[in-house]
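Have the sequence and the coordinates open side by side.

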Amino acid sequence: MEVCYQLPVLPLDRPVPKHVLSRRGAISFSSSSSLFGAPDPRQLSQRRGAISYDSSDQTALYIRMLDVRVRSQVGFEPERRSSHPYLCIDFRTLHTRLRCGSTSASSGPETRVHRLLSFQRYLHSSRLLRGVPQQIPLHILDEDYTGQARCMLEKVGNWNFDIFRFDRLTNGNSLITLTSHLLNQYGLVELFQLDMVKLWRFLVMVQEDYHSNNPYHNAVHAADVTQAMYCYLREPMLAKSLTSYDILLGLLAAATHDLDHPGVNQPFLIKTDHYLATLYRNTSVLENHHWKSAVGLLRETGLFSHLPAEDSLNMERDLGSLILATDISRQNEYLSRFRMHLDQNNLCLSNASHRHFILQMALKCADICNPCRPWEQSKQWSEKVTEEFFQQGDIEKKHKLEVSPLCDRETNTVGNIQIGFMTYVAEPLFAEWARFSDTRLSQTMLGHMGLNKASWGGLQQEQTPISEEAEASADTEDAATAVQRDANTAAVAGGTSSKEIPQGSRES
């Protein structure tokens, strides 16, 4: 890895290079806004494509951020603008401003400083201090709130941990606070000699890059997945076998697994011909974007810059392998492999590749564990994810696109979507996890899921007149079928995997 430090830290007011001017970033979208129309020229003059490429080396990605330039050894293809007439979604924009005041003629050649920003951080890039969350810092909150948050962290390994309450007590900083606490609790900061300033800055930027306007895929979801991952890491089968490297990798993957999620699914990006779908060849589009975004923040903050280059690259690849495993369109692939290992009883956690595979399965379970939470929490998550589906459907209707399965609020309900999801996706996965780790936690999760499924069924009956029960039952079956079809459609749309995309960097 080649790292060039530009020591003079200049204001952000500089012209954009010619090779960047040709790549204009678009603005994000909202179902309630008019951002789908023709972009305002003034906006286009301020928002540029975040990724530029040396014309002599199209496979090298130059990430220009703050006063550091990093040349990546991982191959990337140029990102193309969306060709859809209504939608032009870009998640990374380059923020530049015109420099105020005059520049002395003797100051020498101009030095250009660029920053790699997600759209979420672009919104907050006007703040004078980087690395400070937009919310009120924890230390100036009422002591009673911080005290309650500390008390909750003492029980962070409890499956009934209420992440919504914890997020309120930390003033919206649940992901930062939780991840930092877990890394310190395991002694990973000291063991890997992590710089606390770099670590804090990394966690703040990760939290900022989650879109707070997403009902479901936001920083609170990432914190919830991280807490669930911690519960799984403490299971006897894993606790006695995992190395410190495995634990660090698992926690970082959980915290970043949905980084910079746009609030729409992969089929939406494919059918709108979004440039990310083209870049990743319609294969694990969002997961690849989450992974590359996480790598960008690791390099921007230099969190592992003190490690040998080879170790740092291995960490990035293994991180990608875990995040890519969360692609729901590959659910059956991973589940079949997991079931085969359990049937043959050949999992050996002293084997690094087997441990890595179990980490993949643990992250998959953590990512979709909402049906296994206590009813009050599970119900909130169900309503949030369904609302995100419906918002995508509203966008598709507005622009006369085919409405994706489960995304039409007029023909679907929270209950029938959740019953279908539990039946076809969650129950098979957690049943196999219980075979692997037959513990009290596994039985608790299966018990909660059974109760939650019955609760949704009861709510469906209460809200439906007797004369319409048969129709409601059919709707539930249709929604269940749509869950399975949605996953299968995404898998078919993905096609075969590109050789340059690691589909699990380890074989078992």
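Contact here means heavy atoms within 4.5 Å. The model is predicted: local features need pLDDT of at least 70, side-chain atom pairs count only at pLDDT 80 or more, and totals for chains, interfaces and linings use all residues. Residues are numbered from 1 along each chain as its sequence is written, and side-chain values use heavy atoms, with hydrogens and water left out.

Begin with D408, in the loop between α18 and α19 (414-436). Helices are DSSP runs (H or I, at least four residues), numbered from the N terminus. Neighbours within four places in sequence aside, D408 is in contact with F390, K397 and V403. Its side chain makes a polar contact of 2.7 Å with the side chain of K397. A polar contact is a pair of N or O atoms within 3.5 Å; within protein, one must be able to donate a hydrogen and the other to accept it, and residues adjacent in sequence count only if both atoms are side-chain atoms. A polar atom of the D408 side chain also lies 3.0 Å from the backbone nitrogen of E410. Because its relative accessibility is 15%, D408 counts as buried; the classes are buried under 20% relative accessible area, exposed over 50% and partly exposed in between (1.4 Å probe, protein chains only).

Two helices can be checked for length. The expected span of a helix is 1.5 Å times one less than its number of residues. For α11 (residues 244-256), 13 residues should span 18 Å, and the end C-alpha atoms are 18 Å apart, which agrees. This helix is mostly covered, with 11 of its 13 residues buried. For α20 (residues 440-463), 24 residues should span 34 Å, and the end C-alpha atoms are 34 Å apart, again in agreement. The buried residues in α20 include L441, M445, M449 and W456. An α-helix has 3.6 residues a turn, so residues three or four places apart point the same way.

Next, the rings. Rings of Phe, Tyr and Trp (its six-membered ring) pair if their centres lie within 6.5 Å; planes under 30 degrees apart count as stacked, over 60 as edge-to-face and the rest as tilted. The whole structure holds 11 aromatic pairs. F161 and F166 have ring centres 5.4 Å apart and planes at 55 degrees, so they are tilted; both are buried. W375 and W456 have centres 5.1 Å apart and planes at 65 degrees, so this pair is edge-to-face. It links distant parts of the chain, with W375 in α18 (residues 375-398) and W456 in α20, 81 residues apart. W375 is partly exposed at 23% relative accessible area, whereas W456 is buried at 5%.

One aromatic cluster is formed by W159, Y232, F338, F357, W433 and F436. Beyond four places in sequence, Y232 touches residues including W159, F430, W433, L441 and M445. C231, in helix α9 (residues 219-233), is buried, with a relative accessible area of 3%. With the same exclusion of sequence neighbours, C231 touches V156, G157, N158, W159 and L441.

Conventions: Helix = DSSP H or I, 4+ residues; strand = E, 2+ residues; numbered from the N terminus.
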